[in-house]
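Good morning, and thank you for the time.

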Amino acid sequence: MKVDAVRGHLDGLLLAVLEPGPLHGYAIIAAVQRRSGGVLELRTGTIYPALNRLERLGLLSSSWQSAGERRRRCYELTDAGQRALAGERTAWSEFTTAIGSVLNPATPPGLAT
C-alpha cells in the first residue's frame with residue numbers, strides 16, 4: 001500500500017505500535033508491517049521525521065540503547081502519547097463509521113426490494 005494511503009494516520013500507527021513498549025526505528029517498521037498483514041510498508045524516510053516530530057511534541061521520548069556494538073535510538077510513548085493514542089482511536093472509529101455509512105448505507109426495514 002502506498003504511503004499516500006496512510007497519510008493523516010501515520011501518527012496513530014506509530015503511537016499504536018509503541019504502546020506495548022519501546023522499539024527502535026526498524027522494529028517500528030516491522031511492527032506496522034506485521035500488524036497490517038504485510039499491507040503497510042513504511043520507509044525510513046517516512047517514519048524518522050514523524051518520530052522526531054512526535055518527540056518534539058512530547059508524545060514520545062527516546063534514548064540510545066546498545067545492541068552489541070551498535071547503538072540505536074529507541075522510542076516510547078509518554079503519558080501525553082498515551083492520551084494522544086486514545087484520541088487517535090476515537091477519531092478513527094468516528095471516521096470509519098461515517099465513511100462506512102456513506103459507502104454501505106443500511107437499508108431501512110420495509111424498503112428492501
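Helix α2, residues 10–18, packs against helix α3, residues 25–35, at an angle of about 100 degrees, and their axes are 10 Å apart. Axes here are lines fitted to C-alpha atoms, for helices over the stretch in contact, with angles running from 0 to 180 degrees between N-to-C directions. Helices (H or I, at least four residues) and strands (E, at least two) are DSSP runs, numbered from the N terminus. The two helices, α2 and α3, are therefore roughly perpendicular to each other; angles under 35 degrees count as roughly parallel, over 145 as roughly antiparallel, 65 to 115 as roughly perpendicular and the rest as oblique. From α2, the contact draws on Leu14, Ala16, Val17 and Leu18, and from α3 on Ile28, Ala31, Val32 and Arg35, where contact means heavy atoms within 4.5 Å. By class, the contact of α2 with α3 has seven nonpolar residues, no polar ones and one charged residue. In this scheme Ala, Val, Leu, Ile, Met, Phe, Trp, Tyr, Cys and Pro count as nonpolar, Asp, Glu, Lys and Arg as charged, and the others, Gly among them, as polar.

A word on provenance: this is a predicted model, in which local features need pLDDT of at least 70 and side-chain atom pairs count only at pLDDT 80 or more, while totals for chains, interfaces and linings use all residues. Residues are numbered from 1 along each chain as its sequence is written, and side-chain values use heavy atoms, with hydrogens and water left out.

Helix α2 also packs with helix α4, residues 44–56, at an angle of about 80 degrees, with the axes 10 Å apart. That makes α2 roughly perpendicular to α4. Here Leu10, Asp11, Leu14, Leu15 and Leu18 of α2 meet Thr46, Ile47, Ala50, Leu51, Arg53 and Leu54 of α4. The classes in the contact of α2 with α4 are eight nonpolar, one polar and two charged residues.

I turn now to the sheet. Three strands form an open sheet in the order β1-β3-β2, with antiparallel pairing; two strands pair if DSSP finds at least two bridges between them. Strands β1 (23–24) and β2 (60–67) stand at the edges with a single partner strand each, so one side of each is left without a neighbour in the sheet. Two bridges join β1 to β3, residues 70–77, and Leu23 has Tyr75 as its bridge partner in β3. Between β2 and β3 there are eight bridges, with Ala67 partnered by Arg70. The hairpin of β2 and β3 has two residues between the strands, and Gly68 takes a positive phi near 70 degrees there.

Which residues does His24 touch, beyond those up to four places away in sequence? They are Arg72, Arg73 and Cys74. His24 lies in β1 and is buried, with a relative accessible area of 18%. Buried means under 20% relative accessible area, exposed over 50%, and partly exposed in between (1.4 Å probe, protein chains only). The side chains of His24 and Arg72 are joined by a polar contact of 3.1 Å, that is, a pair of N or O atoms within 3.5 Å; within protein, one must be able to donate a hydrogen and the other to accept it, and residues adjacent in sequence count only if both atoms are side-chain atoms.
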